[in-house]
Amino acid sequence: MLDSIISARELDLSRKEAGRDYSIGDLAAEITFVSGFPAPASSGGRIAPQFAETVQKELQDAKAERFLIYITENTGVPEIGSVCDFVLRGAGIVAETHAGACATLLSGASTSVHRVFNENCERLDRVKTICDVMQREWKIALLSLNNSAPDIMFRWRLLDYYSLRTGEIIYQNVKALIREDIMDGIVCFIGKETSEETLTRFAEAAVLADEYWKDHNRVLVHVSGSEQGLFTVHGFRIRRGKKGE
């Protein structure tokens, strides 16, 4: 509980410093909310009222059954709204390191809770993340670049885990996993891409999800970041599956 209090206070401070109502730390709470799971215990994130209203309207109080979180280091993708149902606030949080930003993104906790010691992220305490709170009931895959922050954070956790050499290989595996339709959740960290690559790949993944996950309530999220640790949620796409119609 103490970690949660610390995280909430520090994320609040980040909101005030950035002049935003919400921060990237809220993403973990929102993803778990949509999927019917509690947020990680150390999460300081909170759910925006307008977000909860949108989810209830789109899913009619049902829960998401599939999710894809697509993370890239490219920051210039304002056109992402063209492939999303609605664009969330452009809120970000500047963490101490890129590793800390990734940890905040997936756990909703501040960097002090993660205890990031250096830029090489040689030590990240194993706080709970969205993958941990969902893991018992859901089959989740995480794909990331070799030795990236998500790679180091998750390589010892109980997930279907892929540490790959390039963003292109990651992207091809993401498409294959969507087609197989055996995963409840997919989180992919692509790394550096051009704006055109980011838009094209995310749009193609969205089309595949609409085709192969059409019988499931599903959520697609695009997140971009920078080496300085500033992450922004560009789009949050919610679709209700045919089963619930």
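This is a predicted model: local features need pLDDT of at least 70, side-chain atom pairs count only at pLDDT 80 or more; totals for chains, interfaces and linings use all residues.
Six strands form an open sheet. Their order is β3-β2-β4-β1-β5-β6, and the pairing is mixed. The edges are held by β3 (160–164) and β6 (232–239). Each has a single partner strand, so one side of each is left without a neighbour in the sheet. From one strand to the next, the twist averages 10°.

Strands of a sheet pair through backbone hydrogen bonds, in either a parallel or an antiparallel sense. Strand β1 (residues 66–72) and strand β4 (residues 185–191) are parallel, with six bridges between them.

## Helix α9 across the strands

Helix α9 spans residues 195–212. The helix lies across β1, β4, β5 (218–224) and β6. Relative to β5, α9 runs at about 170°.

## Ser144 in strand β2

Strand β2 covers residues 140–145 and includes Ser144. Is Ser144 buried or exposed? Ser144 counts as buried because its relative accessibility is 0%, and the cut-off for buried is under 20%.

Leaving aside residues up to four places away in sequence, Ser144 touches Pro150, Asp151, Tyr161, Tyr162, Ser163, Leu164, Ile170 and Phe189.

## Trp138 and its two aromatic partners

The model has five aromatic pairs. One of them joins Phe37 and Trp138 edge-to-face. The centres are 5.2 Å apart, with 85° between the planes. Phe37 sits in the loop between α2 (26–35) and α3 (49–59), and Trp138 in the loop between α6 (130–134) and β2. The pair therefore ties together parts that are 101 residues apart in sequence. Phe37 and Trp138 are both buried.

Trp138 also pairs with Phe67. Here the ring centres lie 5.9 Å apart and the planes meet at 25°, so the pair is stacked; the cut-off for stacked is under 30 degrees. Phe67 belongs to strand β1, while Trp138 is in the loop between α6 and β2, so this pair links parts 71 residues apart in sequence. Both Phe67 and Trp138 are buried.

Technical notes:
Residues are numbered from 1 along each chain as its sequence is written. Side-chain values use heavy atoms; hydrogens and water are left out. Helices (H or I, at least four residues) and strands (E, at least two) are DSSP runs, numbered from the N terminus. Buried means under 20% relative accessible area, exposed over 50%, partly exposed in between (1.4 Å probe, protein chains only). Contact means heavy atoms within 4.5 Å. Two strands pair if DSSP finds at least two bridges between them. Axes are lines fitted to C-alpha atoms, for helices over the stretch in contact, and angles run from 0 to 180 degrees between N-to-C directions. Rings of Phe, Tyr and Trp (its six-membered ring) pair if their centres lie within 6.5 Å; planes under 30 degrees apart count as stacked, over 60 as edge-to-face and the rest as tilted.
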